[in-house]
Amino acid sequence: MPRRERRTVTSTEAVGPYTLLRVDRGGLEPGDPGQFFMLEAPGRLLPRPMSLCLAPPGELAFLIDPIGPGTESLCSLGAGDAIHVFGPLGNGFRLDVDRPILVGGGIGIAPLPYLSDRLGHPSAVLGFRSAWHAEAAALVPNAEVAIDPTMVIELIEPCFDVLACGPEPMLDAVRALCPGAQLAWEAPMACGYGACYGCAVEIAGEWKRLCVDGPVLQAAA
């Protein structure tokens, strides 16, 4: 059940160009891998949706790419600062798979460390634009890394159960290769519970509100 609590930042650390933001858990549940939380962005009107990256005892951790004012404000937080956190929200990955392989691209790897922990650290293939970005692969055990111009799709074995998160072109390519894949889509969100329609995207000719229908959807859906 989602809750909204004011939580305290315990630490931040640089992971390549990204920031791993840790907050104390309080009464918040981590939920399922692939679900997300709405994080208050200091100085900004709207919160920002973030997949849970890690769930160590007593903490929740989020991998953040500082690409705009909201994410930059989150990355500027320090230990002792407090923000409101609301979640877990949305639908996560199904874990009842026989031969899982995790596939991620760029900041789309954010939910994969927690997913890997829950699945017992299966194989993973991760794609990045540079070696600097690829430093984030250290968060995902048993990962094979592709750096541009090599495409992560080239490393996928179709006989596996694919669980993927990344940019839309990557997810489209995964869907074409593996119709049974579970895909976590990305979109801006304002509310997190379906009221604003800000995250409505067209997928395979059908409109989906990613905050309530997803973010994880079956590729063939």
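Reply: By class, 26 nonpolar, 10 polar and 5 charged residues make up the lining of the largest pocket. Nonpolar covers Ala, Val, Leu, Ile, Met, Phe, Trp, Tyr, Cys and Pro; charged covers Asp, Glu, Lys and Arg; the others, Gly among them, are polar. The model is predicted: local features need pLDDT of at least 70 and side-chain atom pairs pLDDT 80 or more, while totals for chains, interfaces and linings use all residues. Residues are numbered from 1 along each chain as its sequence is written, and side-chain values use heavy atoms, without hydrogens and water.

Me: How do you know how much space lies in the largest pocket?

Reply: Points are joined across faces, edges and corners, and the volume is the space filled by probe spheres set on them. That gives about 1000 Å³.

Me: Which elements each supply at least two residues of the lining of the largest pocket?

Reply: Strands S4 (48-51), S5 (59-64) and S8 (124-128), plus helix H3 (168-177). These are DSSP runs numbered from the N terminus: helices are H or I with at least four residues, strands are E with at least two. S4 gives the largest share, 4 residues.

Me: How is the second largest pocket lined?

Reply: It has 15 lining residues, and Arg4, Met38, Glu40, Pro47 and Phe86 lie nearest its centre. Its volume is about 190 Å³. The lining divides into 11 nonpolar, 1 polar and 3 charged residues. The largest share, 3 residues, is from S6.

Me: Why is the pair of arginine 7 and aspartate 24 called a salt bridge?

Reply: The rule asks for a side-chain nitrogen of Lys or Arg within 4 Å of a carboxyl oxygen of Asp or Glu. The closest N and O atoms of arginine 7 and aspartate 24 are 2.4 Å apart, so the pair passes. It links distant parts of the chain: arginine 7 sits in strand S1 (residues 3-15) and aspartate 24 in strand S2 (residues 18-24), 17 residues apart. Arg3, Glu5, Arg7 and Asp24 are linked in a network of salt bridges. The structure holds 8 salt bridges.

Me: Why is arginine 7 called buried?

Reply: Buried means under 20% relative accessible area, exposed over 50%, partly exposed in between, with a 1.4 Å probe and protein chains only. Arginine 7 has 14%, so it is buried.

Me: What label does each partner get in the salt bridge of glutamate 13 with arginine 22?

Reply: The closest N and O atoms are 3.5 Å apart, so this pair passes as well. Glutamate 13 has 36%, so it is partly exposed. Arginine 22 has 17%, so it is buried.

Me: What about arginine 94 and aspartate 96?

Reply: They form a salt bridge, with 2.8 Å between the closest N and O atoms. Arginine 94 is at 39%, so it is partly exposed. Aspartate 96 is at 59%, so it is exposed.

Me: What makes a set of residues a nonpolar core?

Reply: The members are buried Ala, Val, Leu, Ile, Met, Phe, Trp, Tyr and Cys residues, joined through side-chain atoms within 4.5 Å. The largest core has 27 residues, with the most inside contacts at Leu63, Leu126 and Phe128. S2, S5, helix H2 (112-119), S8 and strand S10 (161-165) give two or more residues each. A second, separate core of 25 residues includes Ile156, Cys178, Trp185 and Ala187.

Me: Which residues does leucine 63 touch?

Reply: Contact means heavy atoms within 4.5 Å. Beyond four places in sequence, the partners of leucine 63 include Val15, Tyr18, Leu20, Met50, Ile107 and Leu139.

Me: Where is the residue joined to glycine 87 by a cis peptide bond?

Reply: That residue is proline 88, with omega about 0 degrees. Proline 88 is in strand S6.

Me: What is phi of histidine 121?

Reply: Near 60 degrees, a positive value in a residue other than glycine. Histidine 121 lies in the loop between H2 and S8. At 35% relative accessibility, it counts as partly exposed.

How values were computed: On a 1 Å grid over the protein atoms alone, a cavity is a set of points where a 1.4 Å probe fits but cannot get out, and a pocket is an open set with protein on both sides within 12 Å along at least five of seven lines; lining residues have an atom within 4 Å of a point.
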